[in-house]
Amino acid sequence: MTSIQVDVAIIGAGTAGMGAYLAARKQTDSVLVIEGRAYGTTCARNGCMPSKLLIAAAQAAHQARHAAPFGINVAGISIDGAAVMARVTRERNRFVGLVLASVEAIPKESRLKAMVHFQDANTLATEQGQLIHAKRVVIATGSIPVLPPMLRALGTHLLTNESIFDLPSLPKSLAVFGSGVLGMELAQAMSRLGVSVKVFGIGGGIAGIHDPEMLDYADNLFNETFYLDASAQLESVKKSTTGVDVHYLNKDGAWQTEPFDYALAATGRAPDVARLALENTGLALNDLGVPLFDRDTGQCGNSSIFIAGDASNEIPLLHEAADQGHIAGENAGRHPDIRPGLRRAPLAIVFTDPQVASVGLNLKQLNQHFKGRFAVGQVSFENQGRSRVLLCNKGMLKVYAEHGSDMFLGAEMFGPAAEHIAHLLAWAVQARMTVSQMLDMPFYHPVIEEGLRTALRELNHNLHNTSENIEHSMDCGPGT
Ligand SMILES: Cc1cc2nc3c(=O)[nH]c(=O)nc-3n(C[C@H](O)[C@H](O)[C@H](O)COP(=O)(O)OP(=O)(O)OC[C@H]3O[C@@H](n4cnc5c(N)ncnc54)[C@H](O)[C@@H]3O)c2cc1C
């Protein structure tokens with residue numbers, strides 16, 4: 001077996017790895033992308049895209065069921081589970097196909113299909129023993145689902161994000177373990193599609209929300225439509241003849257055993273680095289076995305190894321993986337002339353309904369770095385004009401700014417159109433805008449963004465103690 005010599009080897013052909021390849025190729029022609037599993041990326045195959053396709057079907061069902069308050073009667077709604085999953089598969093395959101086309105565009109000699117690990121900092125080995133000698137390496141191996149011991153013996157009745165989208169039809173019932181982002185998105189979608197869902201979380205978190213008042217609000221709202229215990233007490237989860245039996249303490253304080261068709265493990269994801277034998281590289285590793293690295297350059301210590309995407313465990317989101325991949329690939333290509341790349345304002349969105357969004361600094365970070373030095377403005381969407389018109393008047397938005405400088409620092413939202421409002425706010429954070437500069441921007445009428453303006457006005461008032469009268473419900477009157 002002949003060994004391979006390259007300038008840059010990239011481990012993993014996901015979003016980060018493909019970004020790294022394109023960036024490294026601008027610096028050198030000698031680049032090899034190594035992929036151990038199916039091409040197509042986690043995002044397209046079993047992450048962002050199939051989950052959003054399922055959520056879109058759920059949203060259609062929800063809207064059909066809730067048309068009556070508008071005077072529209074939609075009779076005889078039924079959900080064809082096989083057709084729902086067929087569309088998820090069809091569209092998912094289309095997205096995967098687009099990724100595969102970009103993989104095909106990489107010259108054959110720049111691709112290797114193999115699982116690899118480090119023999120030393122500049123040598124990778126395949127399971128068959130082929131060696132790759134690389135002057136520089138980018139680790140872009142992504143993340144894998146974490147399975148708590150209680151769930152491991154459930155066999156084919158245990159689902160993860162890697163299997164749930166391959167179901168031929170919708171199950172009748174689903175026990176979701178984990179009330180984080182992934183668990184809440186899929187639980188609500190399944191519930192709206194007619195699946196009997198119960199969510200068992202640990203530690204009280206819901207969809208990554210930080211603000212305690214927002215967390216309580218979300219807890220109550222989700223519980224109106226499906227069972228959610230974010231601090232569940234579980235005795236056992238066992239395989240049965242038809243699925244799984246969950247023995248848990250219910251909200252009335254009684255222990256009960258309940259059967260479900262499937263269990264979904266939404267219990268977190270860990271960086272996929274354990275098989276890389278990173279101990280052979282001499283790099284300093286953290287508790288999770290991830291190399292210590294510079295977030296602006298992707299470089300691990302002073303080495304010729306770079307890291308990007310979920311493997312870095314920094315911010316496991318698609319746009320961050322793409323940015324990190326680009327930075328790590330470019331620097332691996334130009335090493336030792338390393339340069340910091342663009343890191344954007346923090347932005348995270350959860351596609352529940354209402355959506356959750358976090359922008360800039362979250363409450364925990366504000367209390368760490370700006371304790372006693374930041375002001376809060378907020379708005380409830382319950383009486384917000386446009387939200388009432390659309391009958392999506394649930395939730396709240398909180399916005400944060402620094403006393404003295406008036407600098408806008410961040411926001412958290414559980415409410416309508418959060419995916420759009422969060423972008424406006426992230427752009428404001430990145431542009432380092434003050435609250436008064438944001439209030440100088442145009443706001444149309446009637447739009448959900450008028451709710452944002454109300455929150456910003458309250459924030460401005462709290463920064464300056466102005467005598468401004470903040471109108472919380474009516475956007476049609478004077479003073480808009
Ligand atoms: C259900 C779900 C929903 C999500 N929704 C969103 C969303 O709405 N928005 C958002 O921004 N993000 C979302 N994400 C997160 C997003 O998908 C990830 O952040 C992103 O895909 C990570 O890309 P990556 O390149 O780091 O990893 P991946 O795309 O997973 O690529 C890593 C690759 O490395 C390969 N590999 C691993 N080890 C080796 C080895 N030793 N040798 C060779 N190859 C190896 C793997 O096979 C894999 O192909 C979601 C994730 C999930 C699971």
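This is a predicted model: local features need pLDDT of at least 70, side-chain atom pairs count only at pLDDT 80 or more; totals for chains, interfaces and linings use all residues.
Start by selecting Asp7, which is part of strand 1 (residues 4-11). Is Asp7 buried or exposed? Its relative accessible area is 17%, and because the cut-off for buried is under 20%, Asp7 counts as buried.

Keep Asp7 on screen and show the side chains of Thr28 and Lys135. The side chains of Asp7 and Thr28 are joined by a polar contact of 2.8 Å. Another polar contact, of 3.1 Å, joins the side chain of Asp7 to that of Lys135. Leaving aside residues up to four places away in sequence, Asp7 touches Thr28, Ser30, Ala134, Lys135 and Arg136.

Next, turn to the aromatic rings. The model has nine aromatic pairs. For one of them, select Phe200 and Tyr227: the pair is tilted, with 6.1 Å from centre to centre and 55° between the planes. Phe200 belongs to strand 10 (residues 196-200) and Tyr227 to strand 11 (residues 227-229), so this pair ties together parts that lie 27 residues apart in sequence. Both Phe200 and Tyr227 are buried.

The charged end of Lys251 sits over the ring of Tyr227, at 4.9 Å from the ring centre.

For the last stop, select Arg94 and Phe95. Here the charged end of Arg94 sits over the ring of Phe95, 5.6 Å from the centre of that ring.

Definitions and conventions. Residues are numbered from 1 along each chain as its sequence is written. Side-chain values use heavy atoms; hydrogens and water are left out. Helices (H or I, at least four residues) and strands (E, at least two) are DSSP runs, numbered from the N terminus. Buried means under 20% relative accessible area, exposed over 50%, partly exposed in between (1.4 Å probe, protein chains only). A polar contact is a pair of N or O atoms within 3.5 Å; within protein, one must be able to donate a hydrogen and the other to accept it, and residues adjacent in sequence count only if both atoms are side-chain atoms. Contact means heavy atoms within 4.5 Å. Rings of Phe, Tyr and Trp (its six-membered ring) pair if their centres lie within 6.5 Å; planes under 30 degrees apart count as stacked, over 60 as edge-to-face and the rest as tilted. A charge sits over a ring if NZ of Lys or CZ of Arg is within 6 Å of the ring centre and within 35 degrees of the ring normal.
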